[in-house]
Amino acid sequence: MFLDPLLQEIETRLLQSENRFVAEYLIPAKLHGLTNEKSNAVFLEYSADIGSRDQYDEELSRWKTRWQMADSKPSNLHDTLLHTNRNFYPSISTILLILLTMPASTITADRSFSTMKRIKTYLRSTMTTERLSALATLHAYREVEIDRQSVIRKFANEKSRKLDYE
């Protein structure tokens, strides 16, 4: 089956990534558990989204020093992002932001890909993105009742397709 490169990237990140949640050790309350091995895993997992390895290592060193001196440490992603200066820690804030937006489970992503497989078959592989998106939305919200008569009236009013039978 043909998948767009963007869909392949999303599938790789959401469904096949084993180390994506290792970044939780960047949360200050869990920072003591961040070993060199876990730090390497975090960098490798998010290397496409952050700067160079040297920049990441330098930021991580400053990050650890900052939270060693702090009296109170954030214990969740949201609080950590609120206390993170994006200018001083661009790589770390990017990693935390990505981690925050990742689903805890992949069931939603699995459903989306299953829907995509049903909608975009080999025979329909030439449909536009707009149509594909509309069909996927209709499929995802199929339990919502649609007043068919109002849709027919609206369509009929927009396009006058009457034929002259003279």
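Author: The chain has eight helices and zero strands. The model is predicted, so local features need pLDDT of at least 70 and side-chain atom pairs count only at pLDDT 80 or more, while totals for chains, interfaces and linings use all residues. Residues are numbered from 1 along each chain as its sequence is written, and side-chain values use heavy atoms, with hydrogens and water left out.

Reader: What makes a stretch of the chain a helix or a strand?

Author: Both are DSSP runs, numbered from the N terminus: a helix is H or I over at least four residues, and a strand is E over at least two. From the N terminus on, the order of elements is α-α-α-α-α-α-α-α.

Reader: Why is serine 39 called buried?

Author: Buried means under 20% relative accessible area, exposed means over 50%, and partly exposed lies in between (1.4 Å probe, protein chains only). Serine 39 has a relative accessible area of 5%, so it counts as buried. This residue lies in helix α2. Contact means heavy atoms within 4.5 Å; not counting residues up to four places away in sequence, serine 39 touches Leu34, Tyr56 and Leu60. Buried residues make up 28% of the 166 residues in the chain.

Reader: Is threonine 84 buried or exposed, and what does it touch?

Author: Threonine 84 has a relative accessible area of 12%, which is under 20%, and therefore it is buried. It is found in the loop between α4 and α5. With residues up to four places away in sequence set aside, threonine 84 touches Trp63, Arg66, Tyr89, Ser93 and Leu96.

Reader: Why is asparagine 19 called partly exposed?

Author: Its relative accessible area is 34%, between 20% and 50%, so asparagine 19 is partly exposed. Asparagine 19 belongs to the loop between α1 and α2, and it touches Ala41 and Glu45, not counting residues up to four places away in sequence. The C-alpha atoms of asparagine 19 and glutamate 45 are separated by 6.4 Å, although the two are 26 residues apart along the chain.

Reader: What makes a group of residues a nonpolar core?

Author: The term denotes a set of buried Ala, Val, Leu, Ile, Met, Phe, Trp, Tyr and Cys residues joined through side-chain atoms within 4.5 Å. The largest such core has 24 residues, of which Leu26, Val42, Tyr46, Trp63 and Ile95 touch the most other members. Two or more residues each come from α2 (36-46), α3, α4 (77-82) and α5 (90-101). The largest share, five residues, is given by α5. Leaving aside neighbours within four places in sequence, isoleucine 95 is in contact with Ala23, Leu26, Val42, Tyr46, Ile50 and Tyr56. In soluble globular proteins, nonpolar side chains tend to be buried together.

Reader: How do you know that lysine 30 and glutamate 24 meet in a salt bridge?

Author: A salt bridge is a side-chain nitrogen of Lys or Arg within 4 Å of a carboxyl oxygen of Asp or Glu. The N to O distance for lysine 30 and glutamate 24 is 3.0 Å, so the pair qualifies. Lysine 30 is partly exposed at 32% relative accessible area, as is glutamate 24 at 29%. By this rule the count comes to three salt bridges.

Reader: Where are arginine 53 and aspartate 57 placed relative to each other?

Author: They are four residues apart in helix α3, and so are separated by about one helical turn. Arginine 53 is partly exposed, at 27% relative accessibility, and aspartate 57 is partly exposed at 32%. Arginine 62 and glutamate 58 are likewise four residues apart in helix α3, about one helical turn, and their side chains form a salt bridge at 3.4 Å, N to O.
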